[in-house]
Amino acid sequence: MKQGFKILAIESSCDETSCAVVEDGRNCLSNIVSSQIDIHTRFGGVVPEVASRNHITAISNVVNLALKQANCSLNDIDAIAVTYGAGLIGSLLVGVSYAKGLSYATKKPLIAVNHIYGHIASNYLTYADLEPPFICLLVSGGHTAIIKVDDYNHHQIIGNTLDDAVGESFDKVARVLGLGYPGGPKIDACALNGKANIKFTKPNETMGYNFSFSGKKTAVINYIHKLEQAGKEIPINDICASFEVLATDDLIDKTLLACKNFKIDKIVVAGGVSANRRLREVLTEKAKQQNIKCYVPELKYCTDNAAMIGSAAYYAYKAGIGIADLTLAPNPSLSL
Ligand code: KG4
Ligand code: ZN
């Protein structure tokens, strides 16, 4: 592939409309993210129909801005990439249709990207020297998994959540505490001012590398309800700090165990929950004690963005994978 290969990438799988121009899979020339958080906050979560309508309104401006900021025109672009799953069907459809239109009009190749491969690739944008193999801890609103990444395009899931995703449990606990949506950043901020001094009735842990968050979430919610019923004050900050410990300790321990058992000395954290301060700090520190290097993405690449899709697309295209045509359809339940 030529040096300076530029991919224009589009991401619209949930409530962020994003477009980026990424050069050679590593160099982010622009990454525009138009967030709908303010719109969905009043509903307490993402409303799919509202999300698709807002993607339609935003996408042209977002693409034009990404080209402008990268100092490019469409003529300078070598390929178009788009997230085609997993995600909300209506939201995905907007990005996929727009990317197909661009590809058809410009006669540039179209690359279909799995959103989760994008999250993993977000670290390639942050760390120029990072290469597989590594153990990836994937923690987002829809996924929680330990993935053995053998090569850019070869992954093996070695642990998964048996019920809720970790981000989902942050969002639900935040909702019960009345902190609003998205809950993760709100819990993170409150935890900073709290003490992890509450021991929740801990559910039985699952075996192996698998996770369970449903029981943990319920334990915290029951604790809050009991205080409410007794008319007692809710120590929001301490609950947040204690919940963070409950939610992240298992992630940290099992990721380190996977490194030990597979003899891999690199951990890569990916997905929205990788923005969590405690997870970043404690995992990095514990990994260091075991001579394992821990990579966490820059905060701007933690949550959904198109630059990560451009990076994943580059490595797929280089290997002849993911090349799509106008029959490309969104797949809301695309697996890894
Ligand atoms: O990866 P992402 O942007 O979207 C999905 O692909 O799911 O992840 C969104 C999730 C939400 O559940 C949000 O609450 C969580 O990431 N999140 C956080 C933090 N920032 C975002 N969770 C904990 N701490 C944070 N600082
Ligand atoms: Zn995501």
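**Close-up 1. Polar contacts of ligand 1 in the predicted model.** A polar side-chain atom of Asp 171 is 2.7 Å from an oxygen atom of ligand 1, a polar contact being a pair of N or O atoms within 3.5 Å. For His 115, a polar side-chain atom lies 3.1 Å from a ligand 1 oxygen atom. Gly 184 contributes through its backbone, with an N or O atom 2.9 Å from an oxygen atom of ligand 1. The protein buries 88% of the 560 Å² that ligand 1 exposes when taken alone (Shrake-Rupley accessible areas, 1.4 Å probe). This is a predicted model, in which local features need pLDDT of at least 70 and side-chain atom pairs count only at pLDDT 80 or more, while totals for chains, interfaces and linings use all residues. Residues are numbered from 1 along each chain as its sequence is written, chains are lettered from A and ligands numbered from 1 in the order in which they are written, and side-chain values use heavy atoms, leaving out hydrogens and water.

**Close-up 2. The shell around ligand 1.** Around ligand 1 there are 20 residues, of which Gly 141, Asp 171, Gly 184, Asp 188 and Gly 272 come nearest (near: a heavy atom within 4 Å). Five residues of the shell are nonpolar, 12 polar and three charged; Gly counts as polar, and Asp, Glu, Lys and Arg as charged. Helix 4 (115–126), helix 5 (166–176) and helix 6 (183–191) each supply at least two shell residues, and the largest share, four residues, comes from helix 6 (helices: DSSP runs of H or I, at least four residues; strands: E, at least two). Domain 1 (6–125 + 301–324) and domain 2 (132–299) each give at least three residues to the shell, with bounds from an automatic or database domain assignment.

**Close-up 3. Two cis peptide bonds.** Most peptide bonds are trans. Gly 85 and Ala 86 are joined by a cis bond with omega about -15 degrees, and Ala 86 lies in the loop between strand 4 (79–85) and helix 3 (89–106). Another cis bond joins Pro 132 and Pro 133, with omega about 5 degrees; Pro 133 is in the loop between helix 4 and strand 6 (134–139).

**Close-up 4. Backbone of Asp 24.** Asp 24 has a positive phi, near 50 degrees. Its place is in the loop between strand 2 (16–23) and strand 3 (27–35).

Methods
Polar contact = N/O pair within 3.5 Å; in protein donor to acceptor, adjacent residues only side chain to side chain.
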